[in-house]
Amino acid sequence: MMQVQSYRDLIVWQKSMDLVERVYRMTGVFPKEEMYGLSSQVRRAAVSIPSNIAEGQARKSTAEFLNFLSIAQGSRAEVETQTLIAQRLGYVTPSQITEIISLLEEISKMINTLRAKLKP
């Protein structure tokens with residue numbers, strides 16, 4: 001099994017970075033009045049996912065890493081909720097919803113698996 005040298009080696013971090021790109025593309029077409037509202041909120045929550053994974057792994061403490069993974073999971077739930085709000089408001093296409101929700105589900109499973117492997 002490969003030894004993780006950096007958070008960049010974690011597939012969950014890589015998938016989370018892909019999510020950030022998709023969220024930025026998705027919100028790029030939101031109405032102007034959402035620039036400081038929903039658009040900003042979902043972007044911050046999306047960025048929080050890989051950021052917390054990276055910070056937790058860099059701490060070199062299993063307990064801290066588990067805490068940061070929990071925070072990342074909370075941010076993932078925020079992105080899901082905010083994306084569903086955008087859907088209700090008609091800001092996103094069905095294909096965007098499918099793509100982002102699918103990626104969020106995959107990330108959630110990966111975070112849960114990583115947490116389970118880290119717990120004593």
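**View 1. Serine 40 and the residues that it touches.** Leaving aside residues up to four places away in sequence, serine 40 touches Glu34 and Met35, where contact means heavy atoms within 4.5 Å. This is a predicted model, in which local features need pLDDT of at least 70 and side-chain atom pairs count only at pLDDT 80 or more, while totals for chains, interfaces and linings use all residues. Residues are numbered from 1 along each chain as its sequence is written, and side-chain values use heavy atoms, with hydrogens and water left out. Serine 40 lies in helix H2; helices (H or I, at least four residues) and strands (E, at least two) are DSSP runs, numbered from the N terminus. Its relative accessibility is 19%, so serine 40 counts as buried, given that buried means under 20% relative accessible area, exposed over 50% and partly exposed in between, with a 1.4 Å probe and protein chains only. The side chain of serine 40 also makes a polar contact of 2.5 Å with the side chain of arginine 44. A polar contact is a pair of N or O atoms within 3.5 Å; within protein, one must be able to donate a hydrogen and the other to accept it, and residues adjacent in sequence count only if both atoms are side-chain atoms.

**View 2. Threonine 27 in helix H1.** At a relative accessibility of 3%, threonine 27 counts as buried. Apart from residues up to four places away in sequence, threonine 27 touches Ser39, Val42 and Arg43. With arginine 43 there is a polar contact between the two side chains, at 2.6 Å, and the side chain of threonine 27 also reaches the backbone oxygen of tyrosine 24 at 3.3 Å. Threonine 27 and tyrosine 91 are separated by 64 residues in sequence, yet their C-alpha atoms are 8.3 Å apart in space.

**View 3. Helix H1 and its buried residues.** The 17 residues of H1 reach 24 Å from the first C-alpha to the last, close to the 24 Å expected at 1.5 Å a residue; the expected span of a helix is 1.5 Å times one less than its number of residues. Buried in H1 are Val12, Trp13, Ser16, Leu19, Val20, Val23, Met26 and Thr27. They cover an arc of only 130° around the axis, which puts them on the same side of H1, the arc being that of the directions from the helix axis to the C-beta atoms. What covers these buried residues includes H2, H3 and H4. One of them, valine 20, is buried at a relative accessible area of 14% and touches Ala46, Val47 and Pro50, not counting residues up to four places away in sequence. Valine 20 and leucine 66, by contrast, are 46 residues apart in sequence and 22 Å apart in space, C-alpha to C-alpha.

**View 4. Two aromatic pairs.** The count comes to two aromatic pairs under the rule that rings of Phe, Tyr and Trp (its six-membered ring) pair if their centres lie within 6.5 Å, with planes under 30 degrees apart counted as stacked, over 60 as edge-to-face and the rest as tilted. The ring centres of tyrosine 7 and tryptophan 13 are 5.2 Å apart and their planes meet at 70°, so this pair is edge-to-face. Tyrosine 7 is partly exposed, with a relative accessible area of 24%, whereas tryptophan 13 is buried, at 14%. Phenylalanine 30 and tyrosine 91 form a tilted pair, 5.2 Å centre to centre with 50° between the planes. Because phenylalanine 30 lies in the loop between H1 and H2 and tyrosine 91 in the loop between H3 and H4, the pair ties together parts that are 61 residues apart in sequence. Phenylalanine 30 counts as buried at 9% relative accessibility, and tyrosine 91 counts as buried at 18%.

**View 5. Arginine 8 over the face of tyrosine 7.** Arginine 8 lies at 5.5 Å from the ring centre of tyrosine 7; a charge sits over a ring if NZ of Lys or CZ of Arg is within 6 Å of the ring centre and within 35 degrees of the ring normal.

**View 6. Helix H4 and what covers its buried residues.** Helix H4 has 25 residues (94–118), which should span 36 Å at 1.5 Å a residue, and its end C-alpha atoms are 36 Å apart, in agreement. Among its buried residues are Gln96, Ile97, Leu104, Ser108 and Leu114. What covers the buried residues of H4 includes helix H1 (11–27), helix H2 (38–58) and helix H3 (62–88).
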